[in-house]
Amino acid sequence: DVKVTQSSRYLVKRTGEKVFLECVQDMDHENMFWYRQDPGLGLRLIYFSYDVKMKEKGDIPEGYSVSREKKERFSLILESASTNQTSMYLCASRLAGDNEQFFGPGTRLTVL
Amino acid sequence: AQSVAQPEDQVNVAEGNPLTVKCTYSVSGNPYLFWYVQYPNRGLQFLLKYITGDNLVKGSYGFEAEFNKSQTSFHLKKPSALVSDSALYFCAVRDMFSGGYNKLIFGAGTRLAVHP
């Protein structure tokens, strides 16, 4: 079974802090994704990476950056956290050229 | 613009009754359609997909979905609901303009509540 893990289930940070969200997958998938999930808005794509050191902006990249130094790990960085970044963050991975994405359990981030 | 709509925020069903969660889409060309389910405090789990072929697609946990091209719909169905089916359901469509990236566009989600 594909396993996608995220470093924290719950995280509380203060405004202005730098925040790192980590995602690891164990199935050698080339593609990885970061989404945020907000009530009534569904999932919105922040960034994705189609291979190591490759990244593409999604629909809402502002205020975020990413890092993919190793194939199995995809990090989401909030350079200076703000209260409007309070959300559920979901990581996903996928085999290149495939359609199905596999999701991690999510990190619920609260920025105070 | 490409989009996915889930017109109901919440669907309430009695256990044992059939359930339907609605999804309509707007894309160019032939759509690739997906349903995912999210149980409380969990990530999304894949239920089923339509790429091509038979309009009735069978998936996990007894769910199925019917692709209707003329109505641009992909409704999720189950003949007999269980309390354990209570969850948040997302419909998604492949972004036809994302090239080889195969990005997904998600609907807002529908909360299914199955009552004993």
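The link of Cys23(B) and Cys91(B) is left-handed, with -65 degrees about the S-S bond. Because Cys23(B) lies in the loop between strand E3 (19–21) and strand E4 (24–26) of chain B, while Cys91(B) belongs to strand E10 of chain B, the pair ties together parts that are 68 residues apart in sequence. This value, like every other in this report, was computed from a predicted model, and in that model the sulfur atoms of Cys23(B) and Cys91(B) are placed 2.0 Å from each other. Both of these cysteines, Cys23(B) and Cys91(B), are buried.

Counted over all chains, there are two disulfides. In chain A a disulfide is formed by Cys23(A) and Cys91(A), with 1.9 Å between their sulfur atoms. The torsion about the S-S bond of Cys23(A) and Cys91(A) is about -75 degrees, and therefore this disulfide is left-handed. Distant parts of the chain are linked by the pair, since Cys23(A) sits in strand E3 (residues 19–25) of chain A and Cys91(A) in strand E9 of chain A, 68 residues apart. Cys23(A) and Cys91(A) are both buried.

### Strand E11 of chain A

Strand E9 of chain A, which carries Cys91(A), pairs with E11(A) in the antiparallel sense over three bridges. Within E11(A), the residue that stands opposite Tyr89(A) is Thr107(A). Strand E2 (residues 10–13) of chain A is also joined to E11(A), here by four bridges, and these two strands run parallel. Lys13(A) has Val111(A) of E11(A) as its bridge partner.

Which residues make up the covered face of strand E11 of chain A, and which the uncovered one? In this strand, residues 107–111, the covered face consists of Thr107(A), Leu109(A) and Val111(A), whereas Arg108(A) and Thr110(A) make up the uncovered face.

### Aromatic rings

Over all chains, a search of the whole structure finds 13 aromatic pairs. In one of them, Tyr36(B) and Phe106(B), the ring centres are 6.0 Å apart and the planes stand at 55 degrees, so the pair is tilted. Tyr36(B) comes from strand E5 (residues 33–38) of chain B and Phe106(B) from strand E11 (residues 104–106) of chain B, and the pair links these distant parts of the chain, 70 residues apart. Tyr36(B) and Phe106(B) are both buried.

A second example is the pair of Tyr50(B) and Phe67(B), whose ring centres lie 4.2 Å apart and whose planes are at 20 degrees, so that this pair is stacked. Here too distant parts of the chain are linked, with Tyr50(B) in strand E6 of chain B and Phe67(B) in strand E8 (residues 64–68) of chain B, 17 residues apart. Tyr50(B) is buried, as is Phe67(B).

One aromatic cluster takes in residues of both chains, namely Phe33(A), Tyr35(A), Phe48(A) and Phe103(A) together with Tyr36(B), Phe46(B) and Phe106(B).

### Pockets and a cavity

Rolling a probe the size of a water molecule over the atoms shows where empty space is left. The table gives the volumes of the spaces described below.

| Space | Volume |
|---|---|
| Largest pocket | about 390 Å³ |
| Second largest pocket | about 330 Å³ |
| Largest cavity | about 40 Å³ |

The largest pocket is lined by 19 residues, and those closest to its centre are Gln37(A), Pro39(A), Gln38(B), Leu88(B) and Arg111(B). At least two residues of this lining come from each of strand E4 (31–38) and strand E9 (87–94) of chain A and strand E10 (87–94) of chain B. By class, the lining of the largest pocket holds seven nonpolar, seven polar and five charged residues.

For the second largest pocket there are 14 lining residues, and Phe103(A), Arg42(B), Leu44(B), Gln45(B) and Phe46(B) lie nearest its centre. Phe103(A) and Phe46(B) are also members of the aromatic cluster. Strand E10 (102–103) of chain A and strand E6 (44–50) of chain B each supply at least two residues of this lining, and E6(B) gives the most, with three residues. The lining of the second largest pocket has seven nonpolar, five polar and two charged residues.

Finally, the whole structure contains one cavity of 30 Å³ or more. Its lining is made by Arg9(A), Tyr10(A), Met88(A), Pro105(A), Arg108(A) and Asn41(B), which divide into three nonpolar, one polar and two charged residues.

Key
Residues numbered from 1 in each chain as written. Chains lettered and ligands numbered in written order. Predicted model: local features only at pLDDT ≥ 70, side-chain atom pairs only at ≥ 80, totals over all residues. Heavy atoms only, no water. 1 Å grid on protein atoms, 1.4 Å probe; cavity = no way out; pocket = protein on both sides within 12 Å on 5 of 7 lines; lining within 4 Å. Points joined across faces, edges and corners; volume = space filled by probe spheres on them. Nonpolar A, V, L, I, M, F, W, Y, C, P; charged D, E, K, R; others polar. Buried < 20%, exposed > 50% of the residue type's maximum accessible area, 1.4 Å probe, protein only. Pairing = 2+ DSSP bridges. Disulfide = S-S within 2.5 Å. Phe/Tyr/Trp six-rings, centres within 6.5 Å; stacked < 30°, edge-to-face > 60°.
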